[in-house]
Amino acid sequence: MRRERRSVVANERLGPYTLLRVRRGGIDPGVPGQFFMLEAPGRLLPRPMSLCLAPPRELGFLIDSIGPGTQALCALEPGEELHVLGPLGNGFELGVERPLLVGGGIGIAPLPYLSERLGKPPAVLGFRSDLHAEAAVLVPNAQVCIEPTLVTELIPAGLDVLACGPEPMLEAVRASAPAAQLAWEAPMACGYGACYGCAVEIDGVLKRLCVDGPVLSAA
Ligand SMILES: Cc1cc2nc3c(=O)[nH]c(=O)nc-3n(C[C@H](O)[C@H](O)[C@H](O)COP(=O)(O)OP(=O)(O)OC[C@H]3O[C@@H](n4cnc5c(N)ncnc54)[C@H](O)[C@@H]3O)c2cc1C
Ligand code: FES
């Protein structure tokens, strides 16, 4: 992992989300599901973001602006610079036979890069509105549903599920697909195991999501 200063190539709207594209330089994009800590201008702590796209000279991040850090990231202009640290954590295990990508809302963020690395397998994506669903354009071979239909209703049996989304969605996937790989979230301060800010209890065991995850086996 490396912490480097990188310039913004573009910051584009995609439905209610923002696609932040930064120059890659010599940074390794890592494995899909891994994340980067992005400096949020004017904020003390960086913010964790999954890598969304990894074209040859760029790193792309899909951002939902929900608070001061993400607002600052979404307001960056081309040419402005930020510190980028990563890749961090454990990504998805790519040695699966019949992959199905499952994403909910901003949880689709790691799926475009995952889809590319797995050869564009089928995907099912759930969003809360047509506007949010505009982001589905980033994921090839995707079947899209809008609430009140839930994405978990679209998961056929017998596939290798790789999922990212809100906690209730992940819990539902976990219940129906015990072999699934799930990308979890928790607020993070350091991103590399030093602060314990991301510790979560899973089945009675404390895990630091930044180093033990964010991708964990459902079982
Ligand atoms: C490994 C990882 C990958 C992520 N990838 C992406 C991504 O690709 N795109 C994206 O938009 N967001 C992603 N996130 C979430 C993103 O990091 C947070 O939304 C961001 O840090 C919020 O910062 P803020 O200052 O805008 O809002 P804050 O003021 O920090 O938070 C706003 C509200 O959201 C809650 N919150 C903040 N962070 C989290 C979190 N991680 N989990 C649950 N609740 C939280 C806060 O408690 C608060 O209620 C990821 C998080 C993790 C841990
Ligand atoms: S974010 Fe610091 S230990 Fe995980």
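Threonine 18 is buried, its relative accessible area amounting to 2%, in what is a predicted model. The residue belongs to strand β2, which spans residues 17-23, and its side chain takes part in a polar contact of 3.3 Å with the side chain of arginine 13. When residues up to four places away in sequence are left aside, threonine 18 touches Asn11, Glu12 and Arg13, together with Phe61, Leu62, Ile63 and Cys74.

With regard to the cysteines, the structure contains zero disulfides. Cysteine 52 accordingly takes part in none, and the nearest cysteine sulfur, which belongs to cysteine 164, is 11 Å away, whereas a disulfide would call for a pair of cysteine sulfur atoms within 2.5 Å. Cysteine 52 counts as buried because its relative accessibility is 0%, and cysteine 190, with a relative accessibility of 11%, likewise counts as buried, the cut-off for this class being under 20%.

Around ligand 1 there are 20 residues, of which Pro48, Leu62, Asp64, Gly69 and Thr70 come nearest. Polar atoms of the protein also lie close to polar atoms of the ligand: a polar side-chain atom of arginine 47 is found 2.8 Å from an oxygen atom of ligand 1, while a polar backbone atom of serine 50 lies 3.0 Å from a nitrogen atom of the ligand, and a polar backbone atom of glycine 67 lies 3.1 Å from an oxygen atom of ligand 1. Of the 890 Å² of accessible area that ligand 1 has on its own, the protein covers 72%.

How values were computed:
Residues are numbered from 1 along each chain as its sequence is written. Chains are lettered from A and ligands numbered from 1 in the order in which they are written. This is a predicted model: local features need pLDDT of at least 70, side-chain atom pairs count only at pLDDT 80 or more; totals for chains, interfaces and linings use all residues. Side-chain values use heavy atoms; hydrogens and water are left out. Helices (H or I, at least four residues) and strands (E, at least two) are DSSP runs, numbered from the N terminus. Buried means under 20% relative accessible area, exposed over 50%, partly exposed in between (1.4 Å probe, protein chains only). A polar contact is a pair of N or O atoms within 3.5 Å; within protein, one must be able to donate a hydrogen and the other to accept it, and residues adjacent in sequence count only if both atoms are side-chain atoms. Contact means heavy atoms within 4.5 Å. A residue is near a molecule or strand if one of its heavy atoms lies within 4 Å of it. Accessible areas come from the Shrake-Rupley method with a 1.4 Å probe; for residues, only the protein chains shown count as cover.
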